[in-house]
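This briefing goes through one protein chain by topic. The structure is shown first, and the notes follow.

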Amino acid sequence: MMNGNSVGGEVVSWCTKCKLELGHTIIAIVDNKPKKVKCNTCNGQHNYRSAPAGPGKTTAKRAGRKRKTPEEIYNEHITRLSKGDIPVTRKYRIDEKFTVDDLVDHPKFGVGVVMAIVKTNKIETLFKDGPRLLIQNQ
Ligand SMILES: [Zn+2]
């Protein structure tokens with residue numbers, strides 16, 4: 001048999017445990033194709049899979065768990081606070097005092113949303129590229 005597939009031979013298969021394409025040893029063959037394989041890495045036995053399972057439960061679940069980017073979170077806050085209008089912003093100054101949900105116009109970082117008062121003189125402000133600590137109330 002010259003087609004390469006034989007019991008005890010090596011084949012690259014998707015490992016359901018390692019979640020990787022890895023070298024496997026063929027345990028059973030049906031219609032000249034590997035049917036059952038054993039992972040050379042974890043020794044797990046499973047049906048031969050040429051590639052990861054297509055769009056299905058696992059993929060959908062994984063996509064749903066995808067974390068939002070700072071920009072997406074930022075945009076949600078801006079939309080929520082401005083309600084479709086042009087957001088009312090206050091110029092950032094270290095001697096100003098801001099509260100949660102204030103929109104701060106920073107000369108360098110742009111418009112940010114105050115997320116939390118960390119200390120009386122420090123505010124966590126979310127900008128388009130992520131959160132930053134700003135000094136206030138000085
Ligand atoms: Zn494995």
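Helix α2 covers residues 70-82, 13 residues in all, and spans 18 Å from its first C-alpha to its last, close to the 18 Å expected at 1.5 Å a residue. Lys83, which follows α2, has a positive phi near 50°. The model is a predicted one.

**Overall make-up**
- The protein chain holds 2 helices and 9 strands.
- Read from the N terminus, the order of elements is β-β-β-β-α-α-β-β-β-β-β.
- The protein chain has 138 residues, of which 14% count as buried.
- Taking contacts between residues at least 6 apart in sequence, 27% link residues at least 24 apart.

- Strand β2 (residues 20-30) pairs with strand β3 (residues 33-39) in the antiparallel sense through 6 bridges.
- Within this pairing, Ala28 lies opposite Lys36 of β3.
- The hairpin of β2 and β3 has 2 residues between the strands, and Asp31 there adopts a positive phi near 55°.
- β3 also pairs with strand β4 (residues 45-47), again in the antiparallel sense, over 3 bridges.
- Lys38 has Gln45 in β4 as its bridge partner.
- Between β3 and β4 the hairpin has 5 residues, and Asn43 in the turn shows a positive phi of about 65°.

**The five-stranded sheet**
- An open sheet of 5 strands has the order β5-β6-β7-β8-β9, with mixed pairing.
- β5 (90-91) and β9 (130-135) each have a single partner strand and stand at the edges, so one side of each has no neighbour in the sheet.
- Strand β6 (residues 103-106) and strand β7 (residues 110-119) run antiparallel and are joined by 4 bridges.
- Leu103 has Val113 in β7 as its bridge partner.

**Nonpolar core**
- The largest nonpolar core has 8 residues: Tyr74, Tyr92, Val104, Val113, Val114, Ile123, Leu126 and Leu134.
- β7 and β8 (122-127) each contribute at least two residues to this core.
- Leu126, a member of the core, touches Ile73, Tyr74, His77, Gly112, Val113, Met115 and Pro131, leaving out residues up to four places away in sequence.

**Pro131**
- Is Pro131 buried, exposed or partly exposed? Pro131 has 16 other C-beta atoms within 10 Å, so Pro131 is partly exposed.
- Apart from neighbours within four places in sequence, Pro131 is in contact with Met115, Glu124, Thr125 and Leu126.
- Pro131 and Met115 are 16 residues apart along the chain, and their C-alpha atoms are separated by 8.5 Å.

- Lys19 sits in the loop between β1 (10-15) and β2.
- Its phi is positive, about 55°, although Lys19 is not a glycine.
- Lys19 has 10 other C-beta atoms within 10 Å and is therefore exposed.
- Asn137 lies in the segment after β9 and has a positive phi of about 55°, although Asn137 is not a glycine either.
- Asn137 counts as partly exposed because it has 14 C-beta neighbours inside 10 Å.

How values were computed
Residues are numbered from 1 along each chain as its sequence is written. This is a predicted model: local features need pLDDT of at least 70, side-chain atom pairs count only at pLDDT 80 or more; totals for chains, interfaces and linings use all residues. A residue is buried if 20 or more other C-beta atoms lie within 10 Å of its own, exposed if 12 or fewer, and partly exposed in between; C-beta atoms are placed from the backbone. Two residues are in contact if their C-beta atoms, placed from the backbone, lie within 7 Å. Two strands pair if DSSP finds at least two bridges between them. A nonpolar core is a set of buried Ala, Val, Leu, Ile, Met, Phe, Trp, Tyr and Cys residues joined through C-beta atoms within 7 Å. The expected span of a helix is 1.5 Å times one less than its number of residues.
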